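Welcome! Please take a moment to look over the sequence and the model below, and then we can walk through a few parts together.

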Amino acid sequence: MNPKLLIVDDDEEIRTQMKWALAKDYEIFLAGDRSSAVDIFRSENPASVLLDLGLPPNPGNPEEGLAALSELLALDRFAKIVVVTGQSEKKIAMSAIGAGAYDFLCKPVEMDELKVLLKRCFHVGQLEKEFAAMQSSLGGESLEGIVGCSPKMRPVFDLIRKVATTDAPVLILGESGTGKEMVARAIHNQSARRNTGFVAINCGAIPENLLESELFGHERGAFTGAHVQRIGRIETAHGGTLFLDEIGEMPPTLQVKLLRFLQEQTIERVGGREEIRVNARVIAATNADLKKNMAEGKFREDLYYRLAVVQMMLPPLRERENDVLTLAKFFLRRFAAEASRPELAFDPDALRALNKHSWPGNVRELENCVRRAVIMAEDRRIKAGDLELNAAGIEVNGAVTLKEARETVERQMVQNALQKNSGKITRAAAELGLSRPTLYELMEKLGITKEKVTP
Ligand SMILES: Nc1ncnc2c1ncn2[C@@H]1O[C@H](COP(=O)(O)OP(=O)(O)OP(=O)(O)O)[C@@H](O)[C@H]1O
Ligand SMILES: [Mg+2]
């Protein structure tokens, strides 16, 4: 079944021509004025519309077309509407885009260009609809700010709720940026210990010689420079939760001491003789392969089993179906609000680029990507280029400001596309995901000519 396309033009001859050219790929509906366009749209609900702005009773003036545009969008905000304008009406075309049109074409319409554009319309329209459906079915699976609707995240949410009611040690595993610390905090906040402290220590960030007193504290005079008594992190966590981040980095000597604490619930400060009882719930996390570390003798097996009474594995983002877009939208709402730009939204091309990326840096990478895009976006839409996901390998190091970096990337990509397609604008535009007029505009802005690129 072909997708439905509504063509609105007051010129009967053009309507017939279009129908002829497009009937193979689309189920075509034709209208010659606003009211019949709205009627057909209401009954057939086509995903895309090609709309000539000069409609009767006043074909010389775009008002009737613009009115039709907003009426159609009011009926279906996902409709992809391409407006057709005269050559000299760039301003009008831009105001149509501002009013929600997807793109514009200038008369006379080139069939090849139209076909590329329509293909894209249907594709992104479909993506947006799927995304909206998924969001509404999401049912708010979000716990302590952890967002996720992928089936892979369900066991994570279940386990957080379950272990929160106990004091069992938890070991959280997962690649960098998958949310290990967030999960640790969620467990704490859901537990009876929520009103006492969550004490975090990054075992990998503190030099070995300082880590011991950092964890266990020391008595006055315990070593040179120990002028005063100091309470360690473990003791500070009494009554609350101790989060041992990057536990794989814990040096062997301290692994023994930590094991003792886990077995006896007591510690001794460095240089002290007193046994101090500490009641702290221990959560540890690592992105290291502890099994391998154990095999190599770098991590104690007995400590591992003490820590991993409950073990949680956070899936990498690339394995969480649909979560990329859900999270991207979530971060966009947050950063756009912070930047006082609540109207910012993703361009359909941007959604596609987000979905295509493999996210080696997981949620943290996505979060930073959206944060940066909010800064880069020039108007109300975040475009694929603002995400800089295709820019890998392009040299932007010489750039000083974001604007310069953006121009460098734009210039490189436009030049590459033109060279690759021997200066053929239509093909280069299609490859870049732009309409022809937009590519022309961009070339003008960057001072690129076909001749310069393909001598
Ligand atoms: N499911 C999620 N929903 C919302 N935000 C998330 C989610 N997962 C991670 N984040 C955010 O992503 C960032 C990275 O998360 P976090 O620091 O918990 O990851 P990590 O696994 O500890 O990473 P690392 O191994 O690099 O320390 C944080 O800013 C966190 O708020
Ligand atoms: Mg972390």
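This is a predicted model: local features need pLDDT of at least 70, side-chain atom pairs count only at pLDDT 80 or more; totals for chains, interfaces and linings use all residues.

**Aromatic rings**

The structure holds five aromatic pairs. Rings of Phe, Tyr and Trp (its six-membered ring) pair if their centres lie within 6.5 Å; planes under 30 degrees apart count as stacked, over 60 as edge-to-face and the rest as tilted. Two of these pairs are set out here.

| Pair | Centre to centre | Angle of planes | Kind |
|---|---|---|---|
| Tyr304 and Tyr305 | 5.0 Å | 80° | edge-to-face |
| Phe331 and Phe335 | 6.2 Å | 15° | stacked |

Phe331 and Phe335 both belong to helix α13 (residues 323-338), where they are four residues apart, about one turn of the helix. Helices (H or I, at least four residues) and strands (E, at least two) are DSSP runs, numbered from the N terminus.

Are the two tyrosines buried or exposed? Tyr304 is buried, with a relative accessible area of 6%, whereas Tyr305 is exposed, at 53%. Here buried means under 20% relative accessible area, exposed over 50%, and partly exposed in between (1.4 Å probe, protein chains only). Phe331 counts as buried at 5%, and Phe335 counts as buried at 6%.

**The sheet**

Now to the strands. An open sheet of five strands runs in the order β2-β1-β3-β4-β5, with parallel pairing; two strands pair if DSSP finds at least two bridges between them. β2 (27-31) and β5 (103-106) stand at the edges with a single partner strand each, so one side of each has no neighbour in the sheet. Strand β4 (residues 80-85) pairs with β5 over four bridges, and Val82 has Asp103 in β5 as its bridge partner.

**Around ligand 1**

Ligand 1 has 18 residues around it (a heavy atom within 4 Å). Those that come nearest are Ser176, Gly177, Lys180, Arg364 and Glu367. A backbone N or O atom of Gly177 lies 2.9 Å from an oxygen atom of the ligand. Polar backbone atoms of two further residues also face ligand oxygen atoms: Thr178 at 3.3 Å and Gly179 at 3.0 Å.

Terms used: Residues are numbered from 1 along each chain as its sequence is written. Chains are lettered from A and ligands numbered from 1 in the order in which they are written. Side-chain values use heavy atoms; hydrogens and water are left out. A polar contact is a pair of N or O atoms within 3.5 Å; within protein, one must be able to donate a hydrogen and the other to accept it, and residues adjacent in sequence count only if both atoms are side-chain atoms.
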